[in-house]
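Subject: Handing over a structure

Hello,

Here is the structure I promised to pass on to you. Please have a look through it first, and then read my notes below.

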Amino acid sequence: MKTKRLSSILLPAMLLLAGCNCGNPSVELEKDILLDKIKGAWAGQTFGCAYGGPTEFRFNGVTIPDSLDFGWDGDNLCRWYHDNAPGLYDDIYMDLTSLDVLDRLGMDAPADSFACAFAHAGYMLWHANQAARYNVLNGLKAPECGFWKNNPHADDIDFQIEADFAGLVAPGLPQTAARLADKVGHVMNYGDGYYGGLYVATMYSLAFISDDINHVVTEALKAIPDESDFHKCMSDVIAWSSENGDWRETWQKIEDKWAFEKGCPDGVDNPFDIDAKINSAYILTGLLYGGMDMGKTMDIAMRCGQDSDCNPSSAAGILGAMLGYSNIPERWTSRTDEVMDRIFAYTSISLEKAVEITARLAEENILSSRGRLSGGTYRFRPQTVRTAVLEQSFEGLKFSYRDNSGCHDLREPYVYEFDGAAIVLSGYVWANQDNNGYVAEIEIDVDGNKERITMPADFISRRHEIYWNYSLDQGHHKLTLKWLNPQPGTDLVHTQKIVYDKD
């Protein structure tokens with residue numbers, strides 16, 4: 001196969017990836033192979049997402065038994081989700097939104113263009129994406145909209161599941177991928193949440209020019225600062241995978257050491273864990289134990305649990321970029337063949353179109369990096385992997401307690417006293433059909449310092465939490481919540497409090 005011809009010339013180049021760019025020998029990559037790899041990556045994301053769809057967040061803090069079969073060989077799940085539950089493909093439609101911005105505005109598109117594109121889109125979002133959307137819609141620009149003091153979900157998985165595009169348009173060019181990741185990833189994430197996307201994008205970039213999965217996951221990790229928890233967690237997984245023959249042994253070590261969620265209010269002191277580093281650890285577990293087998297790689301990443309559609313999607317996309325579409329077994333590609341021309345909900349782009357746009361941008365980046373195209377073959381020097389600056393979310397804070405007492409219909413002022421240095425107040429607004437467009441107005445008073453916030457009842461533009469403050473002095477505090485504009489047919493619901501102390 002042509003991909004074998006490619007791999008035979010890669011080893012000398014890969015041995016020098018950690019050194020100076022100028023010393024790297026040129027890599028040759030045939031144009032049709034590049035296209036095949038791009039198609040393999042987009043298809044892998046799609047069938048990987050569908051493969052894990054039936055298990056998403058149904059197994060939190062436990063592995064999924066091998067005995068459970070979720071019906072891949074029955075109905076075409078890729079098509080079924082297109083038709084019945086397009087929200088599953090948030091991995092894909094966020095990716096496509098960024099790809100569309102690049103297609104329209106070019107590689108120099110500013111961060112605000114990416115932020116506005118997804119903030120005003122009609123699709124559903126969750127966690128860091130939704131918190132960032134609310135921030136953007138309410139005047140906060142990038143990168144402040146993703147910063148942890150403005151976004152309680154800053155360390156969540158969001159950018160990790162939608163960073164594929166950054167690596168796909170930068171084959172063998174991890175610095176180019178990193179510049180995109182830095183610009184887009186800080187719209188919705190910070191710290192470990194950003195590193196998850198940077199790591200995935202870098203693995204994609206390297207997967208185009210290496211067929212050694214161990215090399216790719218290790219080399220890509222050089223993009224992440226050693227001091228970060230993200231780097232430490234991935235380093236553990238790489239080491240444990242070489243020591244343990246059974247992936248479940250490695251999974252248990254991940255669980256024991258890294259499964260505590262510090263940021264996301266839904267996951268703190270809960271089995272639910274959408275933190276980027278633990279879900280990235282599951283991606284690595286699939287890649288390192290999968291033996292370059294697409295089905296086994298996806299299955300292990302899925303059976304690690306938690307966000308079990310996103311993790312096999314990322315693993316399958318990276319492996320798809322390495323293998324190329326023509327080398328992926330028909331059991332998987334037959335499902336995407338049927339939907340290749342189907343436009344993803346809330347976008348104007350199909351898989352077919354995504355491959356076309358990506359290939360054009362990849363060529364542009366290769367040529368702008370002093371590469372050349374001659375006789376149907378690209379010749380260019382791969383970039384070295386550079387380490388990002390250190391970022392740490394929720395710095396100086398430690399979890400104190402979770403108070404699950406809540407309150408429906410807050411028409412009377414709600415008062416809560418606590419001892420700590422930070423607090424998150426979770427909840428939501430509900431409105432019946434007669435109050436379409438209702439926006440709650442709320443006054444929060446903490447120790448005499450008042451702040452007004454708005455909470456749309458609309459799911460698309462909602463505020464993910466009622467209130468948070470990570471900058472209080474350690475001590476006793478009094479919080480008072482007043483709902484300023486209650487109406488018949490509306491409800492303001494408070495669900496829980498998370499309190500932190502100084503670390």
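**A buried histidine**

His153 has a relative accessible area of 0%, so it counts as buried. Before going further, please keep in mind that this is a predicted model. His153 sits in the loop that runs between α7 (127-137) and α8 (158-162).

Which side chains make polar contacts with the side chain of His153? One is that of His127, at 3.2 Å, and another is that of Glu465, at 2.9 Å. Both residues turn up again among the contacts of His153 when its neighbours within four places in sequence are left aside. That list also holds Ala128, Ala131, Asn189, Cys264, Pro265, Asp266 and His464.

**A covered helix**

Next, please turn to α16, which spans residues 294-303. How many of its 10 residues are buried? The count is 9, so the helix is mostly covered. Among the buried residues are Met294, Gly295, Thr297, Met298 and Asp299, and the list continues with Ile300, Ala301, Met302 and Arg303.

What do these buried residues pack against? Their partners are α3 (31-52), α14 (247-258), α15 (276-289), α17 (310-323) and α18 (330-337).

At its start, Asp293 has a side-chain oxygen that comes to within 3.1 Å of the backbone nitrogen of Gly295. After the helix comes Gly305, with a positive phi near 90 degrees.

**A hairpin and a glutamate**

Strands β7 (residues 439-446) and β8 (residues 449-456) run antiparallel and are joined by 8 bridges. Asp445 has Lys450 of β8 standing opposite. The hairpin has 2 residues between its strands, and Asp447 takes a positive phi near 55 degrees there.

Glu443 is part of strand β7. Is Glu443 buried or exposed? Its relative accessibility is 13%, and because the cut-off for buried is under 20%, Glu443 counts as buried. Leaving aside neighbours within four places in sequence, Glu443 is in contact with Lys450 and Glu451, and also with Thr480, Leu481, Lys482 and Leu484. Of these, Thr480 is 37 residues away from Glu443 along the chain, yet their C-alpha atoms are separated by 8.1 Å.

The largest cavity contains about 70 Å³ of space. Its lining is made up of Met94, Asp95, Thr97, Ser98, Phe114, Ala115, Phe118, Glu162, Val184 and Met188. Two or more of these residues come from each of α5 (90-105), α6 (111-119) and α10 (174-188). Which element gives the most to this lining? That is α5, with 4 residues. By class, the lining divides into 6 nonpolar, 2 polar and 2 charged residues.

The second largest cavity holds about 40 Å³ of space. Around it are Pro174, Gln175, Ala178, Thr202, Ala223, Val385 and Arg386. Here the largest share, 3 residues, comes from α10. This lining has 4 nonpolar, 2 polar and 1 charged residues.

Best wishes

Methods: Residues numbered from 1 in each chain as written. Predicted model: local features only at pLDDT ≥ 70, side-chain atom pairs only at ≥ 80, totals over all residues. Heavy atoms only, no water. 1 Å grid on protein atoms, 1.4 Å probe; cavity = no way out; pocket = protein on both sides within 12 Å on 5 of 7 lines; lining within 4 Å. Points joined across faces, edges and corners; volume = space filled by probe spheres on them. Nonpolar A, V, L, I, M, F, W, Y, C, P; charged D, E, K, R; others polar. Pairing = 2+ DSSP bridges. Buried < 20%, exposed > 50% of the residue type's maximum accessible area, 1.4 Å probe, protein only. Polar contact = N/O pair within 3.5 Å; in protein donor to acceptor, adjacent residues only side chain to side chain. Contact = heavy atoms within 4.5 Å.
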